[in-house]
Amino acid sequence: MQKFLLKRWHGLHMIIAFILSIILVGVLSFYNWVFATLGLLSLVGLAFFIYKAEQAFRQDLQNYIETLSHRVKKAGDEVLTEMPIGILLYSEDKKIEWFNPYMVKITGKESLSGHPLLDVIPQIAELPPGKKQFEITFNQRVYEVLVRPEERLLYFTDITDFRELDLRYNEEKIVLAIVHLDNLDEVSQGMDDQSRSLMMANVTGAITEWASKYKIYIRRYASDKFLGILDEATLQQLLDSRFDILDVVREMTAKNKIPITLSIGIGAGDVDYPKLGEMAQSSLDIALGRGGDQAAVKQGDKMTFYGGKSNAVEKRTRVRARVISHALRDLILESDKVLVMGHKFPDMDAIGASIGVLKAVLANDKKGHIVLDKVNPSIDRLMAAVEEHEYLGDYFITPDQAIGMATSRTLVVLVDTHRPSMAIEPKLLQISNRVMVIDHHRRSEEFVEDPVLVYIEPYASSTCELVTELLQYQSEKLNMDSLEATALLSGMVVDTKSFAFRTGARTFEAASFLRRNGAEPAIVQRLLKEDLHQYIKRSEIVQNTEVLYDIFAVSVGKPDETYSQVLIAQAADTLLTMSGIQASFVVCRRPDNMIAISARSLGDINVQMIMEQMGGGGHLTNAATQVKEMSIDEAVKKLRGLIKKYHEEGSAK
């Protein structure tokens, strides 16, 4: 028995009380022995009573402790046998030595002793060693397993209901979608009211039927926009269907001169409703920036794209070009200077567009420069002509010079790309608070942060075409030098393959404007000439070609040789001219030791979607990527896998 319990009876207070009582009895005996005798007898009787009470307390306490021990032992036994947690003890050779009754319910086996642990629960073998807590799925139930390796003990807790609740919570999260009719104005131009109403009724009916099928609440809030509310479970169904509504509406209106296409922006994730709305609008902006006819889904930080099977429709009105041109003029006038740069390894389109923007700067009497790191074979003839020019060569500077003169009030114009990682000098985009983007490529997830002005038109043949239109609204007294106009025309000729691909009425109008302002087609041809050595190297690339699924051509350069970017692109263009080939891919090593892939198609296959999965981008018919930390063989293997996936999904029709 614990001493603190005994001290309850014969502690110091009791001893002191008895000593005082004896002293008092002794003192009393000097005055009256009768009363002293009675006091002594009373004291003896009290001591006897206390002794008996202590003995009774000891016995009661002993009985209580024995009863409590029995109850605790019984409760412990019942916990081991009846609690809803499986307990399993195994030996050093991983054979089951002991288990509680709940393990019988988990495994469905009456006898487990002596059986190998991995035979009874094979899922444990798939787990990494050393892990002390994990989840397994066994007999269609989910269990959390706690490991005590020192005791060779396993605890199994059934968390199926919790996981189902968690799954239900995730599936019921709100998702916002914005559905946009891309080219309603262009399609309805020239239609009478009855035809337009009938067409809109059919399209609206198809969208409503699609929403009803997937249980999406959808409401129209503008003539060309719908707001949809759905949950994560429905979103997964849409992802599995690859947004078939895009094909339905396009095919329904295919009889029109221009079919109607849809763009869908979706926002999903663990954020509040205003943020979901911003994500949905941002996704829609990206889908439209990529040419429309596709769905852009933003789930947290992840962005995925679906559709995009058709080329962007050329805008018939130049209203936006005029507005952007005037905004560009205001930005130029408000800035201390203007720096123009294109993408790394610039081509004719990037240099021509840069020269065009520089012309706009000079026309507004402001200081401007073009940032160029080094000349590559695709622009060497043009740059040689620039160096011989009376003033153009003075406006080209190196990236280091540009960083030295850039301020927060400097306007940085990025042309022929919208991806900071592709810019000649990404640091300029961080130094300046005023960045403008002019590009004709379909917008990717990577984008310049907070640009003051964006002019991205995927329908355009080239960035030079866009810049040429902007120049027409800069000044009525704009006078262009012959080389300036020729550089812009050269960019258009290269990107359209001499006006054979991606050309519209506005492409020829821009070319006509340049011709009137001194562009020389003969000089263009001279600038684009290639030497015999380059021709032979391109032929060697084309010679090593493999045809997949009868329509995909994949050509690989020699692993021990390097090829310029323009040569790789030219080889891809050459492959596309072969009979039966609908898409071409050329994989080569560049001089900077990166693996470059150029992709081309005739329009039925979206090579941009394939290149985006390898970190690149571009257009439906013209795309590319640069791969780091990968060999040519690894890049080709990954490319083949993506082509196979694309083909099996039925995207190539």
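Modeller: Let's start with a word you'll need: contact means heavy atoms within 4.5 Å. Keep in mind that this is a predicted model, where local features need pLDDT of at least 70 and side-chain atom pairs count only at pLDDT 80 or more, while totals for chains, interfaces and linings use all residues. Residues are numbered from 1 along each chain as its sequence is written, and side-chain values use heavy atoms, with hydrogens and water left out.

Our part is strand S20, which covers residues 583-589. Strands here are DSSP E runs of at least two residues, helices are H or I runs of at least four, and both are numbered from the N terminus.

Cys 588 is one of the residues in S20. With a relative accessibility of 0%, Cys 588 counts as buried, because buried means under 20% relative accessible area (over 50% is exposed, in between is partly exposed, using a 1.4 Å probe and protein chains only). Setting aside neighbours within four places in sequence, Cys 588 is in contact with Ile 541, Gly 557, Tyr 563, Ile 568, Met 594, Ile 595 and Ala 596. Leu 483 is another story: it sits 105 residues from Cys 588 along the chain, and their C-alpha atoms are 33 Å apart.

Ser 584 also belongs to S20. Its relative accessible area is 0% too, so Ser 584 is buried. Not counting residues up to four places away in sequence, Ser 584 touches Ala 553, Ala 572, Leu 575, Leu 576, Ser 598, Ala 599 and Arg 600.

Now for the strand alongside. S20 pairs with S19 in the parallel sense, over 5 bridges; strands pair if DSSP finds at least two bridges between them. Ser 555 faces Val 586 of S20 across this pairing.

Leu 548 has Phe 552 of S19 as its bridge partner. S18 and S19 make a hairpin with 3 residues between them, and Tyr 549 in the turn has a positive phi of about 55°.

Ile 541, a contact of Cys 588, belongs to H21, and Leu 575, a contact of Ser 584, belongs to H22. H21 (residues 532-543) and H22 (residues 565-576) have axes that come within 9 Å and cross at roughly 55°. That makes H21 oblique to H22. The crossing is right-handed, meaning that the near helix is turned clockwise from the far one by less than a right angle. Gln 534, Lys 537, Arg 538, Ile 541 and Val 542 of H21 meet Leu 567, Gln 570, Ala 571, Thr 574 and Leu 575 of H22. As for the terms, axes are lines fitted to C-alpha atoms, for helices over the stretch in contact, with angles from 0 to 180 degrees between N-to-C directions. Under 35 degrees counts as roughly parallel, over 145 as roughly antiparallel, 65 to 115 as roughly perpendicular, and the rest as oblique.
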